Amino acid sequence: MTQRVIEITSPVFLDPSTLPQVNALSSLFRHKRPLALEIGCGTGDFIVKRARLFPHINFIAIDIYNKGCLKTCRRVERYNLDNVRVIRVEARYLLSHFGPDELLSAVYINCPDPWPKKRHRRRRLVNRRFLTQLAHFLEPEGELYFATDVEDYAVEVAMTLEEMPHFVNRLRAPMAYALEDYPTSRYMRRFKEQGLPVHYIHRQRDPELNLLRAHMPELELSFSCRQEPDSNQSEEQPCRDI
Ligand SMILES: C[S@@+](CC[C@H](N)C(=O)[O-])C[C@H]1O[C@@H](n2cnc3c(N)ncnc32)[C@H](O)[C@@H]1O
């Protein structure tokens with residue numbers, strides 16, 4: 001299904017084409033606070049709840065889905081949140097714009113596109129390479145959250161993390177079926193309403209490990225999103241139906 005791309009003019013939205021001029025992502029906010037990132041914010045249900053719970057943290061919410069970014073902006077504005085900025089941008093493209101010393105206190109990935117067909121699984125965003133890259137952007141003890149309804153995706157990510165020296169697991173098991181104080185996203189809510197389990201993974205970046213950005217696997221920048229004020233543009237509806 002294709003959809004018309006609507007220009008986003010919200011004060012909480014950052015035009016991704018201006019990213020190269022942004023020296024530090026923390027400068028997008030009025031107050032300097034720890035910075036957290038949600039990858040694939042969808043329509044913003046999760047980030048708004050999280051940002052209201054943690055007003056002392058600045059949140060960047062990204063998605064490649066224009067309409068999702070628009071809805072996220074509307075939600076952020078409705079609650080008058082000064083600690084959220086929304087960017088229509090691909091995850092690795094955004095990471096490539098981080099300053100050399102900029103680190104995240106948390107990364108959230110909720111119900112990422114599952115690519116359930118076996119032959120498409122290599123398209124999944126969250127794999128060892130991406131997790132290694134994320135570790136380089138997390139501060140010591142910085143938190144990584146991953147939630148999915150797709151069991152084999154959860155197992156794959158949990159097992160990969162178990163093998164990686166970059167993260168420590170504070171949960172008693174590789175994954176959980178609930179996380180205290182963790183807000184539900186739109187997709188999570190729908191799955192729970194259908195009686196389907198959501199698998200949660202929570203790790204912390206090992207504070208003992210000294211990670212140098214120069215040693216990080218290179219970010220693949222084959223995809224980027226630019227905001228074109230052309231109402232004839234269309235975008236693919238990226239989310240599966242729920
Ligand atoms: C299945 S939806 C889930 C949305 C939301 N997290 C939720 O749980 O309700 C996955 C979202 O991730 C976005 N997405 C997928 N790959 C992405 C990437 N590489 N960078 C940024 N967003 C991405 C999609 O556009 C889509 O909106």
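1. Two strands pair if DSSP finds at least two bridges between them. Strand 2 and strand 5 meet that mark: two bridges join them, and they run parallel. Within this pair, Leu 14 stands opposite Ile 87 of strand 5. Keep Ile 87 in mind for the points below.

2. A word on confidence. This is a predicted model. The average pLDDT for the protein is 91, and 90% of the residues score at least 70. Residues 226-233 are the stretch to treat with care: pLDDT stays under 50 there. The model still has twelve contacts for them beyond four places in sequence. Where pLDDT is low, the predicted coordinates should not be read in detail.

3. Strands of a sheet pair through backbone hydrogen bonds, either parallel or antiparallel.

4. Is strand 5 enclosed or open to the outside? Five of its five residues are buried, so strand 5 is largely enclosed by the rest of the structure. In a regular strand the side chains alternate between the two faces of the sheet. Strand 5 is covered on both faces. Val 84, Val 86 and Arg 88 are buried on one side, while Arg 85 and Ile 87 are buried on the other.

5. Strand 5 also pairs with strand 4. The two run parallel and are joined by five bridges. Here Ile 62 has Ile 87 of strand 5 as its bridge partner.

6. Which residues does Leu 94 touch, leaving aside its neighbours within four places in sequence? They are Ile 62, Ile 87 and Val 89. Leu 94 sits in helix 3 (residues 91-95). A residue counts as buried if 20 or more other C-beta atoms lie within 10 Å of its own. Leu 94 has 21, so it is buried. Leu 221 is 127 residues away along the chain, yet the C-alpha atoms of Leu 94 and Leu 221 are separated by 9.5 Å.

7. Helix 1 (residues 45-53) has several buried residues: Asp 45, Phe 46, Ile 47, Val 48, Arg 50 and Ala 51. Their cover includes strand 3 (35-39), strand 4, strand 5 (84-88) and strand 6. Helix 2 (66-78) and helix 6 are also part of that cover.

8. Turn to strands 6 and 7. Strand 6 (residues 104-110) and strand 7 (residues 138-148) pair in the parallel sense over six bridges. Ala 106 has Glu 143 in strand 7 as its bridge partner.

9. Last, the ligand. Which of the 22 residues around the ligand come nearest? They are Gly 40, Gly 42, Cys 111, Ser 185 and Tyr 187. Strand 4 (58-63) and helix 6 (186-193) are the elements that give two or more residues to this shell. Helix 6 gives the most, with three residues. By type, the shell divides into 13 nonpolar, five polar and four charged residues.

Methods
Residues are numbered from 1 along each chain as its sequence is written. This is a predicted model: local features need pLDDT of at least 70, side-chain atom pairs count only at pLDDT 80 or more; totals for chains, interfaces and linings use all residues. Helices (H or I, at least four residues) and strands (E, at least two) are DSSP runs, numbered from the N terminus. A residue is near a molecule or strand if its C-beta atom, placed from the backbone, lies within 6 Å of it. Ala, Val, Leu, Ile, Met, Phe, Trp, Tyr, Cys and Pro count as nonpolar, Asp, Glu, Lys and Arg as charged, and the others, Gly among them, as polar. pLDDT is the predictor's confidence in each residue, from 0 to 100. Two residues are in contact if their C-beta atoms, placed from the backbone, lie within 7 Å. A residue is buried if 20 or more other C-beta atoms lie within 10 Å of its own, exposed if 12 or fewer, and partly exposed in between; C-beta atoms are placed from the backbone.
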